[in-house]
Amino acid sequence: MNTTALKIFRQKLAGKEPVYGLWITLESPGITEMAVGLGLDWVVIDAEHGHLDWKDIVNHIRAAVRSETIVLVRISELQEGLIKRVLDLGADGVVIPHIETPEELKRAIAFSKYPPEGSRGIGAERATAWGQCFAEHVTEANDAVLVVPIIESVLAGDNIKSLLEVSGAEVFFFGPADYTASAGFAGQWEVAEVTEHMNIAKESVLEAGKHCGVVSTGIEDLQKRHLQGFRMLAYGFDAGLLIKSIRQVSAALGRDRKMKPDLSAGSLTIDARAINEVPGGFEPDRFEKITHTGKESA
């Protein structure tokens, strides 16, 4: 557990500063290393959806060791065994999907803390330095661990005030797509009347002196969410950002195509026109001149 990074994370939120991060769905720990090297405040390893296994998760956690980037893991469901295992691997906290009632949130927090505050079992894994630091870890873990419920249904929004009365949760993440789906609009990121319902819940969180998080869909959305009061802000999903970058270059070459549901490429329209300017982000960092063998460069 990276208590130093967690302290910095909390200090920024207390000062109403945004904390920026990345939602990770791909297996390469190099992605987390990049997030660390680029100075992101946090990453969430998504073990609810997708194909990541325990080896992938621990490698992502290792990639952030002794950095100022905290690593959280979104588990698949509220389950004591999953929370225990994630924390034993050394994650700085857990993200719990579909929390809707105070009872569920209380259980999530109890599963994340050692007795007498909770029911977390003590394991001889990474978190305790393989049993060498039982006392030290147990002493600091209860105060340091970050438990982040995701508010992603109309019912959760309706129950937000009672959820806020539960001690131990500082940040409430919002999931617009699932929130919208719970209102009968599956497949849409946001619908106006549902968004308003979510915003009312978000305002309740802010009024209670706690913090809100959300994944953005782009730079404009990121700026909008910040103005709305969200402070734990994700740039996006790793796979989505990679696809967006590839499509930007493809578009500059006149070769942009959408991906089909069966993962094949859609129809391609080749634009043979020359590129008039270098695509953004691909400008040379120095000027070079090619010379022939035996000749000195100017």
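**Strands and helices in a predicted model**

Colleague: Which residue in β7 is the bridge partner of Phe172?

Modeller: Cys212 is the bridge partner of Phe172. Keep in mind that this is a predicted model. Strand β6 covers residues 171-174, and three bridges join this strand to β7. The two strands run parallel.

Colleague: And on to β8, how many bridges join β7 to that strand?

Modeller: Three bridges, and β7 and β8 (residues 232-237) run parallel. One of the pairs is Val214 with Leu233, the latter sitting in β8.

Colleague: What do β7, α11 and β8 make?

Modeller: They make a right-handed β-α-β unit, with helix α11 spanning residues 219-228.

Colleague: Back to β7 itself. How many of its five residues are buried?

Modeller: Five of the five, for residues 211-215, so strand β7 is largely enclosed by the rest of the structure.

Colleague: Which residues point which way from β7?

Modeller: His211, Gly213 and Val215 point one way. Cys212 and Val214 point the other way, and all are buried.

Colleague: Change of topic. Why is β3 largely enclosed?

Modeller: Because five of the five residues of strand β3 (residues 70-74) are buried. Ile70, Leu72 and Arg74 point one way from the strand, and Val71 and Val73 the other. Arg74 is buried along with the others.

Colleague: Which residue in β4 is the bridge partner of Arg74?

Modeller: That is Val95. Three bridges join β3 to β4 (residues 93-96), and the strands run parallel. Between them in the β-α-β unit comes helix α4 (residues 80-88), and the unit is right-handed.

Colleague: How many bridges join β2 to β3?

Modeller: Five bridges, again with the strands parallel; β2 is residues 42-46. In one of the pairs, Ile45 has Val73 of β3 as its bridge partner. The chain gets from β2 to β3 through helix α3 (residues 54-63), and that β-α-β crossover is right-handed.

Colleague: Now the helices. Which residues of α5 are buried?

Modeller: In α5, residues 102-111, the buried ones are Pro102, Leu105, Ala108, Ile109 and Phe111.

Colleague: What about the surface, which residues make the nonpolar patch?

Modeller: Ile243, Met259 and Leu263 make a nonpolar surface patch of about 330 Å².

Colleague: Is Leu263 buried or exposed?

Modeller: Leu263 is exposed: its relative accessible area is 67%, and the cut-off for exposed is over 50%. This residue lies in the segment after α12 (238-252).

Colleague: Then the whole chain. How many helices and strands has it?

Modeller: The protein chain has 12 helices and eight strands. It has 298 residues, and 43% of them count as buried.

Colleague: What does the accessible surface come to?

Modeller: About 16200 Å² for the protein chain, with 54% of that belonging to carbon and sulfur atoms.

Colleague: And the contacts, what share comes from residues 24 or more positions apart?

Modeller: Taking contacts with a separation of 6 or more, residues 24 or more positions apart account for 61% of them in the protein chain.

Notes. Residues numbered from 1 in each chain as written. Predicted model: local features only at pLDDT ≥ 70, side-chain atom pairs only at ≥ 80, totals over all residues. Heavy atoms only, no water. Buried < 20%, exposed > 50% of the residue type's maximum accessible area, 1.4 Å probe, protein only. Helix = DSSP H or I, 4+ residues; strand = E, 2+ residues; numbered from the N terminus. Pairing = 2+ DSSP bridges. Right-handed = clockwise from strand over helix to strand, strands pointing away. Contact = heavy atoms within 4.5 Å. Areas by Shrake-Rupley, 256 points an atom, 1.4 Å probe, with all protein chains shown as cover. Patch = residues over 30% accessible without salt bridge, like charges linked within 9 Å, V, L, I, M, F, W, Y side chains within 5 Å. Salt bridge = Lys/Arg side-chain N within 4 Å of Asp/Glu carboxyl O.
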